[in-house]
Amino acid sequence: MKNLIFHVPHASTYVPADVRRDIELDDAALAEELRLLTDHFTDVLFTDFLQPGDSVIACPVSRLVVDVERFADDATELMSAQGMGAVYQRGHDGRVLRRNLKSRDEW
């Protein structure tokens with residue numbers, strides 16, 4: 001039997017405090033954005049099926065911090081034009097999420 005790798009990029013709702021300071025939404029608006037843009041419970045979806053040797057690769061932070069499924073170069077990322085490149089500048093509705101992208105390359 002072959003081992004499987006489960007990729008779970010968008011299950012986390014964690015936003016580190018230093019990133020939270022750069023997000024311009026109030027707490028209620030941020031909670032709603034997280035509700036809408038998180039793939040809730042996908043991190044536990046496969047747990048009953050994991051076999052010895054299988055791996056789960058899960059992003060530990062929300063896609064609002066960094067979207068690990070975007071291209072590294074925003075010039076080649078289609079969603080970057082919507083403010084949703086590797087590091088989101090805008091939310092689902094186009095509202096400004098954050099302007100300060102000084103940490104983009106770090107993420």
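Exposed means over 50% relative accessible area, and buried means under 20%. Asp27, at 58%, therefore counts as exposed. The model discussed here is predicted.

Helix H2 spans residues 27-37. Its N-terminal end is capped by Asp26. There, a side-chain oxygen of Asp26 lies 3.2 Å from the backbone nitrogen of Ala28.

Which residues of H2 are buried? They are Ala29, Leu30, Glu33, Leu34 and Leu37. Viewed down the helix axis, the buried residues of H2 fall within an arc of 140°, so they line one face of the helix. Helix H1 (17-20) is included in what covers them. Asp27 and Ala28 are exposed on the other side of H2.

## The nonpolar core

The largest nonpolar core holds 16 residues. H2 supplies the largest share of this core, four residues. Val15, Ile23, Leu25, Leu30, Leu64, Tyr88 and Leu97 have the most contacts inside the core.

Leu64 shows how parts of the chain come together. Beyond its neighbours within four places in sequence, Leu64 is in contact with Leu30, Glu33, Leu34, Leu37, Tyr88, Leu97 and Arg98. Of these, Leu30, Glu33, Leu34 and Leu37 are among the buried residues of H2.

## Salt bridges

How many salt bridges does a search of the whole structure find? It finds five.

| Arg20 | Asp27 | 2.7 Å |

Arg20 pairs with Asp27. Asp27 is exposed, at 58% relative accessibility.

Arg35 counts as partly exposed because its relative accessibility is 47%. Glu32 is also partly exposed, at 32%.

Is Arg63 buried or exposed? At 14% relative accessibility, Arg63 counts as buried. Asp39 is partly exposed, with a relative accessible area of 32%.

Glu33 lies in H2. Glu33 is buried yet has no salt bridge. The nearest side chain of opposite charge is Arg95, 4.6 Å away. Leaving aside neighbours within four places in sequence, Glu33 is in contact with Leu25, Leu64, Gly91 and His92. Leu25 and Leu64 are both among the core residues with the most contacts.

## Around His10

His10 is found in the loop between S1 and H1. Its relative accessible area is 7%, so His10 is buried. The side chains of His10 and Asp67 are joined by a polar contact of 2.8 Å. Not counting residues up to four places away in sequence, His10 touches Thr38, Asp39, Arg63, Asp67 and Glu69.

Glu69 lies in the segment after S2. Its relative accessibility is 44%, so Glu69 counts as partly exposed. Besides His10, Glu69 touches His7 and Pro9, again not counting residues up to four places away in sequence. The C-alpha atoms of Glu69 and Ala86 are separated by 7.6 Å, and the two residues are 17 apart along the chain.

## The start of the chain

Where does Lys2 lie? Lys2 is in the segment before strand S1 (5-8). With a relative accessible area of 73%, Lys2 is exposed. In sequence, Lys2 and Gly53 are 51 residues apart. In space, their C-alpha atoms are 8.7 Å apart.

How values were computed: Residues numbered from 1 in each chain as written. Predicted model: local features only at pLDDT ≥ 70, side-chain atom pairs only at ≥ 80, totals over all residues. Heavy atoms only, no water. Salt bridge = Lys/Arg side-chain N within 4 Å of Asp/Glu carboxyl O. Buried < 20%, exposed > 50% of the residue type's maximum accessible area, 1.4 Å probe, protein only. Helix = DSSP H or I, 4+ residues; strand = E, 2+ residues; numbered from the N terminus. Core = buried A, V, L, I, M, F, W, Y, C linked by side-chain atoms within 4.5 Å. Contact = heavy atoms within 4.5 Å. Lys, Arg positive; Asp, Glu negative; His and termini not counted. Arc of directions from axis to C-beta. Polar contact = N/O pair within 3.5 Å; in protein donor to acceptor, adjacent residues only side chain to side chain.
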